[in-house]
4 protein chains.
Amino acid sequence: MIRVGVIGYGYWGPNLVRNFALTRESQVVAISDLDQARLANAQQLYTGVKVTTDSHELITDTTVDAVVIATPVSTHFDLANQALQEGKHVLVTKPLTSNSEQAHRLIEQSAGKNRVLMVDHTFIYTGAVKKIKELVQNGKLGDIFYYDSVRINLGLFQHDVNVIWDLAVHDLSIMDYILSTQPRSVSATGMSHVQDQPENIAFLTLFFDNSLIAHLHVNWLAPVKIRRTLISGSKNMVVYDDLEPSEKVKVYDRGIDVVADQKSIYEMLVGYRSGDMLAPQLDRTEALRAEVSHFIQCIETGETPLTDGESGLRIVKILEAATQSMKNQGKLETLAG
Amino acid sequence: MIRVGVIGYGYWGPNLVRNFALTRESQVVAISDLDQARLANAQQLYTGVKVTTDSHELITDTTVDAVVIATPVSTHFDLANQALQEGKHVLVTKPLTSNSEQAHRLIEQSAGKNRVLMVDHTFIYTGAVKKIKELVQNGKLGDIFYYDSVRINLGLFQHDVNVIWDLAVHDLSIMDYILSTQPRSVSATGMSHVQDQPENIAFLTLFFDNSLIAHLHVNWLAPVKIRRTLISGSKNMVVYDDLEPSEKVKVYDRGIDVVADQKSIYEMLVGYRSGDMLAPQLDRTEALRAEVSHFIQCIETGETPLTDGESGLRIVKILEAATQSMKNQGKLETLAG
Amino acid sequence: MIRVGVIGYGYWGPNLVRNFALTRESQVVAISDLDQARLANAQQLYTGVKVTTDSHELITDTTVDAVVIATPVSTHFDLANQALQEGKHVLVTKPLTSNSEQAHRLIEQSAGKNRVLMVDHTFIYTGAVKKIKELVQNGKLGDIFYYDSVRINLGLFQHDVNVIWDLAVHDLSIMDYILSTQPRSVSATGMSHVQDQPENIAFLTLFFDNSLIAHLHVNWLAPVKIRRTLISGSKNMVVYDDLEPSEKVKVYDRGIDVVADQKSIYEMLVGYRSGDMLAPQLDRTEALRAEVSHFIQCIETGETPLTDGESGLRIVKILEAATQSMKNQGKLETLAG
Amino acid sequence: MIRVGVIGYGYWGPNLVRNFALTRESQVVAISDLDQARLANAQQLYTGVKVTTDSHELITDTTVDAVVIATPVSTHFDLANQALQEGKHVLVTKPLTSNSEQAHRLIEQSAGKNRVLMVDHTFIYTGAVKKIKELVQNGKLGDIFYYDSVRINLGLFQHDVNVIWDLAVHDLSIMDYILSTQPRSVSATGMSHVQDQPENIAFLTLFFDNSLIAHLHVNWLAPVKIRRTLISGSKNMVVYDDLEPSEKVKVYDRGIDVVADQKSIYEMLVGYRSGDMLAPQLDRTEALRAEVSHFIQCIETGETPLTDGESGLRIVKILEAATQSMKNQGKLETLAG
């Protein structure tokens, strides 16, 4: 039985608490938040749990085996660092840290203390993303041409990070998981529409070694919610719409066939192929439930998490470069190998 | 009665012919195409029309008052230039020309000959775009924050222009019409996935004097067709979905209210406003029918077309700069005033 | 070359004329309508065609081989009967006649005169319906459990027939084509919401020899347009949505598995099966184009039309019985074998 | 503080428990279910709660003020009757009882014991249904022409009631709430596709004193989930789609205008009106949360619940008549005043 303490009971924290509470191999023993009203809400539901406004008290609590951090990004490093030092296993909400230097240090700390460090890249644990990875790995899509995502809604403004750090992090973690290659450079543009606030709309283009191109489109100030990713390959194309109630992943047997000859100026050089569309059955386990189980299992077996510190670091490096490019209106930033 | 000759009876030509045929003030007297089979198809439907594979014959036909050019972009300048020289009024499909130098010369030519030069920016004549312009002009949206468009499908590859010249031209012409300001610079990225062919996927960011930002997303190689534009302002937001059968324009009473105080690190600085959504009734006249009537009227009255040579030129300048930026992976290109 | 005369140039007539005009094996030589303005419109597009307000003149025109009737239902019998007597082949828009007695007489007349009698059940000629018939015939769906259709919109009120005769006729013709069995009885309900006008909303339940049940839902007074049919079988289920731009037919590997045992009062007796969904590629030929070609071919070869007088008669019989049941608020009407 | 005991922790029970647990004025003190594994799940989440497989123990527990019954319909009467006799307030999931006789007795019992009897007609407490009632009451829709609902999915088969008792009960309770009039008769059809099981697909038509007509379409064996209701009036029409994430209620300014004259056989008698569509902002409180608060309030103040025993009885009467009509293939059943 892994005893869990959760820091942060705002938007995402209650979901983490619920899933650890529902999992038989874990038990939520403590919750910390700066806001007393939130702690009262937590105790209304979970009568036995200890609550505190002092995260340090939770971190040093010897009855706690694992610390889950669901606080603003700027606090991730300090809290995770302290918890690792206290010998706790740590699960951090995304993104792992505010910069790559911090991510490096957490990775070292967790290695030195021999404790699990995992980042909550939730989408990796969905049936949809697991199915897409399977399609890509099996060669069903052929050579990947592009990864193109739109992730927009009327979302919460965050004052300590821009929209890239809040939303694009999801797409970057999905790409990190399903593609076998890493981006080499990034060009990003964006804008803030609220004075003294970080950018609320942004567009990222990622270049790779070959003709693969990725584009991410994130926006906190959209009238409608869209969560749609297109992944196009030489053989098949995928549309992944996370808002579809059941058919989240659709595989289209569509593409182009290059035609050899060109008869006249009016003729098209490229022919089209259009076949069936298949929406495969997906695993419907709640992603957070699967993720929580995976974290518990990594603690118990010493297994490396699917979303370990290294994957958290790779994503943070891209977030840093994209933010830098955005400041320079799209100027290309190289990503260090 | 304006007697019309149409050059090009491929994809778009038949639509132009049909609309001129249905309009009582005009009559299609001649059709030219390099392909005999297409001409045979034209004569099957329009028994009285003259057909020829020689565009010069049509241009110099003295019974023709106006020449409509529906051929690949690379041929626009020569054909339009000849027609103007012969004293014909000219309607050219988009984009007006292959470069801004050619557009300048056509504008001069039409002024010198006192003939109408109009470009077929079809969307300007839709009920949806007219309604959006009205909303923007009336201040219903407030200050415009962004214009964000996705225009993708499994479209025809063109071998003489990239996807920006084929698809982004639509969005640029709509923006040119509804916004009262011109972009100052552009950053574009894109990729070709077919050897020796122009880019089939591209992303454009346009910067303006203020915090307005525009982003265009165009793709010939998408498994699904999307035609969606978001226009967000300080007061209201618009979603324009051209594939919606009836509610193409939706006005959302949504936005942000900046909140003065910040109580704690967990508090959000910005509040949200979410109210009713209104889908206004739209004029359902076929856009091409309205455009054809407008062309005829400009010929008869000497009125300047809504989509005149100057608007065609403004769009071509942006297309040139975007193509240049795309070659340099997003490097910012300034647009000359 | 079959020379065609078309009676009725209102809503549907122009579509028929266009398709006969586009077909190389036929030629539209005459058009008749009571309204002079409509005839002027026809001549604006088709400069060579003869026009008349006198349908008798068209029917007795010796240069006409085939008469196409696109007028209100109440006029179908007289016009078709005259045309057959004059030795013309006849294509009648749906439904074939106002009652089954008239349908019987047209069938006899066409047999006696050895002329083609065909009814314009357009949907039979769509790629979607052809694909569904194929799925049913191949046993892909298993035993058919139900056919359930919703066909509603803000449609034109007709003053000579109720909504069943206008809209349900489509579904009845599709069922007649794809199912291998005929309904045995019908229960219908409906209502008129405009004084002295026929019913504008109606619901039909059709019973068959086995546990197959069909339900049709038709409405002229709906705020939105819906064209959706569910066909459920023991193996797979089909959703046919005619308004979907591309995936009109979706095949769901879903169903029930009867479970043998019942452990307690809370246990469910029936298990669920949920697998992939497939949207097969469909033939995209315009239905009316395929239908017109089929009519021409039947004239030329003596082949029996897919939608012959007999299929027209079967549908009219159901329409009569449903109207009778509706008058009696759902009282079951038996359909004569 | 109202102390609540919940009987039945299967599909719906956990939702009721969660909402009573989240409400500050109530506390869940006991849960009963026949299945030990379910009780273990309950205790994993709610550590302090008493659990038992014996519902009688819960009902006679003197620390329990109110009993919530979330068991199969056939058990509702006995459990509710016992609980009322023990002086408990009672909330019963829908439908109230298996027949109207039982409903009458529960109403009498609750009156005699002066205890609250409420039925869980959840939809009444949604922002969407409250908004529709407001629109109808304010005369925004004009005279109501029809209420037309489709409620289908691949749902759980129930072995003790047919699909009408499981699904149509929702629509009947919504109609009971928003319309100011009661149906006078019902015609229903349906079918069972699993041997010895109740009907899994059914269609109900309800007649009223005037030309109002209602139609309900319910199905446990559908490949897709649909929850759509159309309510049409002489002034405006409403589409209520419960699966829409945000715009669940759309008000269409559409309808018909009766035109006085009829010029010819081809002219339509009725004209169409098509204006704006408005999707009003809705209260987003979770319905069950609002319902639970209402139940607590009725206990504390003696107020009559919105969904009291009488409304439960009215719905059960229609369910009985519809089931009877369905046995007779649509034969009209009169509903006693």
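On the domain 1 side, the residues touching domain 2 of chain A are 3 nonpolar, 6 polar and 1 charged. In that sorting, Ala, Val, Leu, Ile, Met, Phe, Trp, Tyr, Cys and Pro are nonpolar, Asp, Glu, Lys and Arg are charged, and the others, Gly among them, are polar.

There's also 1 salt bridge across this interface, meaning a side-chain nitrogen of Lys or Arg within 4 Å of a carboxyl oxygen of Asp or Glu. Asp166(A) and Lys94(A) pair up through their side chains in a salt bridge, at 3.3 Å from N to O.

## How the domains sit together

Domain 1 of chain A covers 2-115, and domain 2 covers 124-285 + 317-334; such bounds come from an automatic or database domain assignment. Taken over C-alpha atoms, the centres of the two domains of chain A are 31 Å apart. In contact (heavy atoms within 4.5 Å) are 10 residues of domain 1 of chain A and 9 of domain 2 of chain A.

Together, the two domains of chain A bury about 710 Å², with 61% of it on carbon and sulfur atoms. Buried area is the accessible area (1.4 Å probe) that two parts lose on being put together, summed over both. Lys94(A), Pro95(A) and Ser100(A) give 56% of what domain 1 of chain A buries against domain 2 of chain A, more than any other three residues.

## Where chain B meets chain C

Chain B and chain C each put 12 residues into their contact. About 990 Å² is buried between chain B and chain C, and carbon and sulfur atoms give 43% of that. On the chain B side, Arg24(B), Gln44(B) and Leu45(B) lose the most area to chain C, together 57% of that side's share.

What about charges and polar pairs? Between chain B and chain C the count is 0 salt bridges, but 6 residue pairs are in polar contact, both at pLDDT 80 or more.

## How to read the numbers

Residues are numbered from 1 along each chain as its sequence is written, and chains are lettered from A and ligands numbered from 1 in the order in which they are written. As this is a predicted model, local features need pLDDT of at least 70, side-chain atom pairs count only at pLDDT 80 or more, and totals for chains, interfaces and linings use all residues, while side-chain values use heavy atoms, with hydrogens and water left out.

Terms used. A polar contact is a pair of N or O atoms within 3.5 Å; within protein, one must be able to donate a hydrogen and the other to accept it, and residues adjacent in sequence count only if both atoms are side-chain atoms.
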